[in-house]
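Please examine the sequence and the structure shown below.

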Amino acid sequence: GLPNERPAETREIPTALGISDTEITVEQFGNFVEDTAYVTEAEKNGTCASLSNGRPQFNEKLSWKNPGFKQSESSPVVCVSYNDAQAYAEWLTQKSGFKYSI
C-alpha cells in the first residue's frame, strides 16, 4: 500500500449504533464541499492515487472530482482521506442534528 494507508485495527463498539446502508456518494460529498468550501487533502497535497503498472502511485492531477475514471453523482466518493471523512461527518452532524462519526 501507500504511506498514507493505515493498517486495519480491531475495535470493540460498546454502544449501539447505526451504519449507513450505502457509501457516501459524489453528490453528497459535493454538497458538503459546496456548503463549506472544504478542500480535501488530496487536492492540497496531491495524494490521490491511481494504479500505474499494477502499483499504486500518487497523482497530483487527480482528486474526488476527477479520480481518473468515469463517475456519476451516485458513485461512491473516492480520493478522500480519514481527515476528509471526519470533516464530512462533523458537517453532517451539524446539518442533521444526529451524531455521525467514522
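## Salt bridges and aromatic pairs

Glutamate 43, at 29% relative accessibility, counts as partly exposed (buried means under 20% relative accessible area, exposed over 50%, partly exposed in between, with a 1.4 Å probe and protein chains only). The model is predicted: local features need pLDDT of at least 70, side-chain atom pairs count only at pLDDT 80 or more, and totals for chains, interfaces and linings use all residues. Residues are numbered from 1 along each chain as its sequence is written, and side-chain values use heavy atoms, with hydrogens and water left out.

A salt bridge requires a side-chain nitrogen of Lys or Arg within 4 Å of a carboxyl oxygen of Asp or Glu. The count by this rule is three.

| Salt bridge | N to O distance |
|---|---|
| Arginine 11 and glutamate 9 | 2.7 Å |
| Glutamate 43 and lysine 65 | 3.3 Å |
| Aspartate 35 and lysine 95 | 3.5 Å |

Aspartate 35 belongs to helix H1 (residues 26–36) and lysine 95 to helix H3, so their pair ties together parts that are 60 residues apart in sequence. Helices (H or I, at least four residues) are DSSP runs, numbered from the N terminus. Lysine 95 is exposed, at 54% relative accessible area, whereas aspartate 35 is partly exposed, at 45%.

Rings of Phe, Tyr and Trp (its six-membered ring) pair if their centres lie within 6.5 Å; planes under 30 degrees apart count as stacked, over 60 as edge-to-face and the rest as tilted. There are seven aromatic pairs by this rule. One of them, tyrosine 88 with tryptophan 91, is tilted, with 5.6 Å between centres and 45° between planes. Tyrosine 88 is buried at 8% relative accessibility, and tryptophan 91 is buried at 11%.

Conventions: Helix = DSSP H or I, 4+ residues; strand = E, 2+ residues; numbered from the N terminus.
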